[in-house]
Amino acid sequence: LGLLAEWVAAELQDAQPEPPLRLDVQDGLGVVGDERLLKLLLQQLLRNARQFAGGGEARVEIAGERQGDALHLRVRDRGIGFDMAHAGKLFQPFQRLHGRDEGAGDGLGLAIAQRVAARHRGALSAEARPGDGATFHVVLRDAQ
């Protein structure tokens, strides 16, 4: 999964050099699953981190641990964060917690990421504070 994350980061950086994306991925992260869908999940999370970097470099850390047949990931950025009072809207299609002037897109990225996690019998959740970045918690279970 780490190699897939680095691949996604390189593609995002090639497509749009600014803001720079600095990725720190823990070694040894792996899961048995649909490579195309896992790449899509990582694209949505890394694109989201870049969109809400708050100016300057977007820094993202990906770490996790195995628990039985599941990989528990933490995808942490250092961007503008969000108010947890509005977290209920976060994974709903076409819902945005930030305006276009703050980098908001079409409101589909995190909804797509959540559905990819669900296809891997897992889940996606988030925690954040305004001005202090966000951490996305991703649970992915190995394919049967």
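Glu65 is partly exposed, with 34% relative accessible area, and in this predicted model its salt-bridge partner is Arg74, with the closest N and O atoms 3.1 Å apart. Arg74 is partly exposed too, at 31%.

**Salt bridges**

- Asp69 pairs with Arg121, and their closest N and O atoms sit 3.5 Å apart.
- That pair ties together distant parts of the chain, 52 residues apart: Asp69 is in the loop between β2 (58–67) and β3 (70–77), while Arg121 is in the loop between α3 and β4.
- Asp69 has a relative accessible area of 34%, so it counts as partly exposed, and Arg121 lands in that class with 39%.
- Arg141 joins in as well: together with Asp69 and Arg121 it makes up a network of salt bridges.
- Backbone check on Arg121: just after α3, this residue takes a positive phi of about 55 degrees.
- Asp34 and Arg36 also meet through their side chains, at 4.0 Å from N to O.
- Asp34 is partly exposed at 29%, whereas Arg36 is exposed at 59%.
- As a general point, side chains of opposite charge can pair when their charged atoms come close.

**How α2 and α3 pack**

- Helix α2 (residues 35–51) lies against helix α3 (residues 109–119) at an angle of about 145 degrees, and their axes are 9 Å apart.
- The crossing is left-handed.
- On the α2 side, the contact is made by Leu37, Leu38, Leu40, Leu41, Gln44, Leu45 and Asn48.
- On the α3 side, the contributors are Gly109, Leu110, Ile112, Ala113, Val116, Ala117 and Arg119.
- By type, the residues of this α2–α3 contact split into ten nonpolar, three polar and one charged.

**The buried side of α3**

- Buried residues in α3 are Gly109, Leu110, Ala111, Ala113, Val116 and Ala117.
- These buried residues pack against α2, β4 (123–128) and β5.

**Val139 in β5**

- Val139 belongs to strand β5 (residues 134–141).
- Its relative accessibility is 18%, and because the cut-off for buried is under 20%, Val139 counts as buried.
- Leaving out residues up to four places away in sequence, Val139 touches Ala70, Leu71, His72, Ala117, Gly122 and Ala123.
- Val139 and His72 are 67 residues apart along the chain, yet their C-alpha atoms are separated by 4.6 Å.

Conventions
Residues numbered from 1 in each chain as written. Predicted model: local features only at pLDDT ≥ 70, side-chain atom pairs only at ≥ 80, totals over all residues. Heavy atoms only, no water. Axes fitted to C-alpha atoms, helices over the stretch in contact; angles between N-to-C directions. Helix = DSSP H or I, 4+ residues; strand = E, 2+ residues; numbered from the N terminus. Left-handed = near helix turned anticlockwise from the far one by under 90°. Contact = heavy atoms within 4.5 Å. Nonpolar A, V, L, I, M, F, W, Y, C, P; charged D, E, K, R; others polar. Buried < 20%, exposed > 50% of the residue type's maximum accessible area, 1.4 Å probe, protein only.
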